[in-house]
Amino acid sequence: MTDPVSLDRHGDIAVLRIANPPVNAVSSGVLAGMVAALDAFEADRSYAALLVHCEGRTFVAGGDISSFDSPDFTATVYNGTLMRLESQDRPVVAALHGTVLGGGLELALACHYRVALPGTLVGLPEVKLGLLPGSLGTQRLPRVAGIELALDMIATGRSIKATAAQRAGIVDEVKEGAPLEVGLAFANALVARGAGPRRISGIKVSQVGLPADYFERALDEARRKKAFYPSARNIVLAVQASTLPFAEGEAVEARLFEELRTSPESKAQRHLFFAERQAGKIPGLPKDVALRAVASVGIVGAGTMGGGIAMNFANAGIPTVLVETTQAALDRGLGIVRANYEASAAKGRLTSEQVAQRMALLRGTLDHEALASCDLVIEAVFENMDLKKQVCARLGGVCKPGAIIATNTSTLDVDVLAEATGRPADVVGMHFFSPANVMRLLEVVRGAKTAPEVLATVMQLARKIGKVAVVSGVCYGFIGNRMAEVYMREAEFLMMEGATPAEIDGAVEALGMAMGPCRMLDMAGIDVGAKTVIEYGKAGGLPPDDSYRAMVRTMFELGRFGQKTGAGYYRYDGRKPVGDPETGRLARELAVAHDIAQRSDISQQEIVERLLYPLINEGAKILEEGIAYRPSDIDIVWTAGYGFPDHKGGPMFMADYIGLPVIAERLLHYGQVRGNAFGYWTVSPLLADLAKRGKRISDWHAA
Ligand code: NAD
């Protein structure tokens, strides 16, 4: 392997070249190389300037995130090197291209001048990992871009384009060409006009035009709107410290960074960052498996899911045909898609040309033969086994050899549907979440006979359409809905015991859940939830317990379908849920009917434990059965698909944080007080074993 950093002569200019593929991340090797290159540059006074240039597709795109977890992590070496770079007495230029992010932008800001190629993006995305830029980004960016823009960029983590960066003073020039040539031309021009060093640390931050209480208000907003994220508060404080002399601000940034690095919130967010990368790795799948080409897609059913799914492909430029049973259903489905795009255009997120381009990629038809030429066909018809089997059998005949056939079923047995096609190796589950054009999660269900290349193709396609894909084995509800079932079970028992939907939702929303279980099902549809439970009962999947999900079944009979009918667990004032005495009455009635004692002492802690611990326990069962490959996959499912807070890292990460012995003990406790006739509180052998051995769920690997 060649050295990741070298110093080469180009006339009078010394070029510090970084080559650390794929994204030139700052590693210990890069750092050591930079120090050696600076030694060489300082020793040779014949150079007129130094140019920092990166090989490959981008300038330094960030730091080595895994190093943040090391107990002896320190930013001092990198920060010291950047300080040394800035203190050079000959001009130092950065030639920017690609994605200049995090530690990369901090490196660029330590240089005296910056020239960028037109496509360059610059940003400080550390907040997405619950951190702040800890290599003087919070101190240098406000000095060039001003406090307001700097705070906005650091607090949101958003990147800006080269031209905007130039307007903001972050970049001196934007020029077309190859990065090295553009950089050399800029450096030579500087030398020719005798320009000297220009150090950002020496600039005094301007506060002109800022209200006197600017930081106070920003801090207040961070506390209110981002209450769960200490990074939001620390970022404001760090940017505020840029108004101090540089060395003082540096010390403040270092302290605030360290606070975040060791915070549970950032650890959870970093866990998810790595979890997402892990999720793409599928055990037993050969690395070099040849993928099938997917240049066109067909979708059967243009309902809630079909239309949303189609939008994903149109957004990625893939022609998609939608097949329906009636012209009216087709018109309705395509009409909703168009309305969605137009709403995005009205918000300025799409141009009218983009709307037209995307709509032109979507074609509707009543003729199943139109699917014959598609490389992938996804069925999204009603959740009914007989209908889906019929549709799958038809697809098995219509789809060309080599086409992939996918089902969007939420709960049905993918292996049964695969057999119905007559070509099970071509079949896979693609479980999108509603709204399918918005939700990031895709559960990819691997059937017993799914061909390796089918699985690999769908995983890659998921990335192309901007989804985070997690592989699940075949079981009722797959990973997410299977776990949601125990969560809903306890929500309903709590209700029948006397807790209100608002108390139940409030308890988990206080932890940061986007939405509690009652609001969630009211939105998804009580009818949808009830039908699933009823169907599962018919298939023999339910415990012999008449009180099981009694609330949802009764509300379904009463036509209380949730938000869409104006009443479910809540009553709706428009979209606003309001407490409904009728739900309380119903719960009391069902409690009497099922001999459930009502009580008035249900604490918030009990609600949290009874909702989350069975969920975690079910996750452990899912691991044991080989339905999920790893605990972190479950965390992705719940954070990307069910609004589980990222600052808690997902249910399995949270389980390790709470401690498995605590969870096992509480499950046993509830089994004693609630009774365990149906096994609801039986601790999964995996969880019990790990708890006994003092291990963590994250220590677990499939045998
Ligand atoms: P939906 O009722 O909104 O849409 C189903 C559509 O399929 C209807 O427009 C219907 O006309 C059409 N259809 C029925 N039979 C057909 C046939 N033979 N050929 C062509 N079209 C046919 O239902 P949905 O909510 O979009 O659900 C579809 C699937 O997606 C189900 O399997 C469901 O479990 C799953 N799913 C739904 C959600 C959700 O939240 N709605 C989430 C994930 C998965």
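Over residues 607–694 the chain is 68% helix and 0% strand, with the end C-alpha atoms 26 Å apart; helices (H or I, at least four residues) and strands (E, at least two) are DSSP runs numbered from the N terminus. Residues 477–572 are 58% helix and 2% strand, and their end C-alpha atoms lie 28 Å apart. UniProt also places the feature "domain: 3-hydroxyacyl-CoA dehydrogenase NAD binding", again from an unreviewed entry, at residues 297–472. Here the composition is 43% helix and 20% strand, and the end C-alpha atoms are 23 Å apart. UniProt positions follow the numbering used here, feature names are shortened, and annotations may be inferred rather than shown by experiment.

The structure is a predicted model, in which local features need pLDDT of at least 70, side-chain atom pairs count only at pLDDT 80 or more, and totals for chains, interfaces and linings use all residues. Residues are numbered from 1 along each chain as its sequence is written. The chain averages a pLDDT of 96, and 100% of the residues score at least 70; pLDDT is the predictor's confidence in each residue, from 0 to 100. The model scores are ipTM 0.98 and pTM 0.94.

P435 sits in the loop between β15 (427–432) and β16 (441–445). Another cis bond runs from P21 to P22, with omega near 5 degrees, and P22 is placed in the loop between β2 (13–18) and α1 (28–43). Most residues other than glycine have a negative phi, and most peptide bonds are trans.

The loop between β2 and α1 also holds N24, which has a positive phi of about 55 degrees although it is not a glycine. Is N24 buried or exposed? N24 is buried, because 25 other C-beta atoms lie within 10 Å; the cut-offs are 20 or more such atoms for buried, 12 or fewer for exposed, and partly exposed in between, with C-beta atoms placed from the backbone. D595, likewise not a glycine, has a positive phi of about 60 degrees and is found in the loop between α23 and α24 (604–624). D595 is exposed, because it has 8 other C-beta atoms within 10 Å.

In α22 (residues 550–557), 6 of the 8 residues are buried, namely A550, M551, V552, R553, M555 and F556. These buried residues pack against α18 (480–497), α21 (526–538) and α23 (581–593). Just after α22, G559 takes a positive phi of about 75 degrees. Helix α11 (residues 264–279) has 16 residues, so at 1.5 Å a residue it should span 22 Å, which agrees with end C-alpha atoms 22 Å apart; the expected span is 1.5 Å times one less than the number of residues. Buried residues of α11 are E265, S266, A268, Q269, R270, H271, L272, A275 and A279. Their cover includes α9 (230–240), α10 (246–261), β17 (468–472), α25 (631–641) and α26 (651–658).

Finally, G498 lies in the loop between α18 and α19 (501–509). G498 counts as partly exposed because it has 18 C-beta neighbours inside 10 Å. Leaving aside neighbours within four places in sequence, G498 is in contact with Q598, R599, S600 and I602, where contact means C-beta atoms, placed from the backbone, within 7 Å. G498 and L141 are 357 residues apart in sequence and 54 Å apart in space, C-alpha to C-alpha.

Terms used. Two residues are in contact if their C-beta atoms, placed from the backbone, lie within 7 Å.
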